[in-house]
Amino acid sequence: MRVHFHGAAGDVTGSMHLVEAAGKRILIDCGLVQGSPEADARNFAPFPFDPKDLDALVLSHAHIDHLGRVPRLCMDGFRGPIFTQRASADLLPIMLMDSASLQENEAERANRRRKPNQPKAMPLYTREDVREVFGQVRPLPYAQRTEILPGVELVLRDAGHILGSAIVELFADGRKLVFSGDLGMQGTPILRDPEPVAQADLLLMESTYGDRNHRQRHDTVRELGEILDAAWNDRGNVLIPAFAVGRTQELLYWFARHWDDWDMARWRIFLDSPMASKVVQVYDRHHELFDAEAREVWRGTPNPFRLPNLRVTESAEESMAINRIRGGAIVIAGNGMANGGRILHHMRQNLPRRQTRIIFVGYQAQGTIGRRLVEGARWVRIHGHDVRVNAHRHTVGGLSAHADQAALLDWYAGFQPSPPIALVHGEDLAREALAGEIHERHGVEAALVRPGDVLEV
């Protein structure tokens with residue numbers, strides 16, 4: 001068994017690893033590169049392998065940095081099966097259609113500003129390209145060992161990151177490869193905890209927060225309530241960049257749990273997403289994946305997705321109307337790194353206002369507008385316009401969907417014996433810190449792989 005690393009090897013987005021085993025070629029993840037100035041060029045670049053030669057694709061979960069280039073892969077000739085967990089299979093068309101729509105809109109916007117000597121902008125793929133993918137998807141349950149190709153077996157375990165997220169176990173040639181996917185924190189609302197795995201011949205493990213620990217969740221939730229109260233007293237709006245799957249659901253969960261003590265009824269809450277109602281339907285279909293407490297909350301009043309003052313805005317006209325509100329609104333909109341999508345329109349209107357609060361509840365990749373705001377930028381460029389930042393900024397790390405250093409080390413410690421490990425899905429400072437801790441505790445030298453590296457299992 002041989003693993004070729006092609007994405008999220010030294011950075012956080014663009015997850016993509018190619019496995020050669022039992023005479024077959026299996027790709028694990030095919031994610032969109034996000035954040036960096038070179039992201040578009042990398043996404044349009046030819047794949048470092050021939051997609052026509054792939055026998056299967058395995059997707060760990062339905063975030064765009066893990067599946068966002070799948071339509072491009074199929075456009076370039078991949079015709080094999082796409083295996084993913086059942087809930088991820090339900091989310092896949094929603095996420096990819098939204099991604100295609102955003103890319104079509106961005107290309108149209110760029111062409112309106114195009115100078116006569118500039119080439120016409122093209123989307124990476126269109127909604128029609130996405131529809132061509134659906135027939136290749138093969139949903140799988142958790143914990144079922146399945147022969148996906150002759151001599152190759154697959155098991156998906158719950159990763160506790162988002163609904164349907166999976167730890168990938170691949171068996172071939174008498175060896176076992178484990179890919180952590182993105183691991184969630186223990187005790188994350190709604191989701192079950194990441195499953196332990198006891199044995200691997202090689203482990204590929206994410207390291208997004210390999211150099212730090214999150215605040216305790218109860219402290220974070222208390223802080224969130226305090227931010228909302230301060231924003232109300234200042235008569236301002238609250239902007240929350242959040243991906244449509246994951247943090248959005250947790251935020252609504254906490255709004256429902258603290259409905260009375262946070263006086264949530266006074267707010268106008270907007271879930272500004274053209275795909276939000278579709279995501280709600282997927283959650284409603286997969287209550288079996290919730291933890292016990294979340295099942296109780298979903299049966300209670302108010303239901304997180306049906307708060308009496310929650311408005312799901314699907315059309316562009318409804319979204320634009322929100323910007324006429326000068327105070328008392330909570331706006332949850334994508335994308336989560338504030339590098340595209342509807343959140344940018346709200347930021348353009350609200351960032352110059354000192355009454356505004358902007359809350360970051362997830363990882364902000366290098367090069368994104370979200371990262372620049374977190375790092376204190378006083379000006380950001382949005383849709384070609386320079387926007388002054390006077391808004392209050394809050395980074396609420398305790399709501400992260402990713403395991404922190406302590407949680408990653410605890411999960412790794414569950415393997416007996418400690419397997420060889422390659423750290424992926426992390427910037428170098430995070431990977432180096434986590435590698436040092438692993439070596440000190442377990443005597444294992446973690447590989448800090450780069451694109452183009454190959455490891456034998």
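Asn237 is buried, because its relative accessibility is 3%, which falls under the 20% cut-off. Please keep in mind that this is a predicted model.

Where does Asn237 sit in the chain? Its place is the loop that lies between helix 6 (217-233) and strand 12 (238-241). The side chain of Asn237 takes part in the following pairs:

| From | To | Distance |
|---|---|---|
| Asn237 side chain | Asn350 side chain | 3.1 Å |
| Asn237 side chain | Gly327 backbone nitrogen | 3.3 Å |

The pair with Asn350 is a polar contact. Setting aside neighbours within four places in sequence, the residues in contact with Asn237 include Ile325, Arg326, Gly328 and Ala329. Arg353, Gln355, Thr356 and Arg357 are also among them.

Now for the strand. How many of the five residues of strand 11 (residues 202-206) are buried? The count is five of five, so strand 11 is mostly covered, with buried meaning under 20% relative accessible area. In a regular strand, side chains alternate between the two faces of the sheet. In strand 11, Leu202, Leu204 and Glu206 point one way, while Leu203 and Met205 point the other way.

Which strands pair with strand 11? Strand 10 (residues 175-179) runs parallel to strand 11 and is joined to it by three bridges. Strand 20 (residues 421-424) also pairs with strand 11 in the parallel sense, over four bridges. Leu204 is a handy landmark here: Phe179 stands opposite Leu204, and in strand 20 the bridge partner of Leu204 is Ala422.

Definitions and conventions. Residues are numbered from 1 along each chain as its sequence is written. This is a predicted model: local features need pLDDT of at least 70, side-chain atom pairs count only at pLDDT 80 or more; totals for chains, interfaces and linings use all residues. Side-chain values use heavy atoms; hydrogens and water are left out. Helices (H or I, at least four residues) and strands (E, at least two) are DSSP runs, numbered from the N terminus. Buried means under 20% relative accessible area, exposed over 50%, partly exposed in between (1.4 Å probe, protein chains only). A polar contact is a pair of N or O atoms within 3.5 Å; within protein, one must be able to donate a hydrogen and the other to accept it, and residues adjacent in sequence count only if both atoms are side-chain atoms. Contact means heavy atoms within 4.5 Å. Two strands pair if DSSP finds at least two bridges between them.
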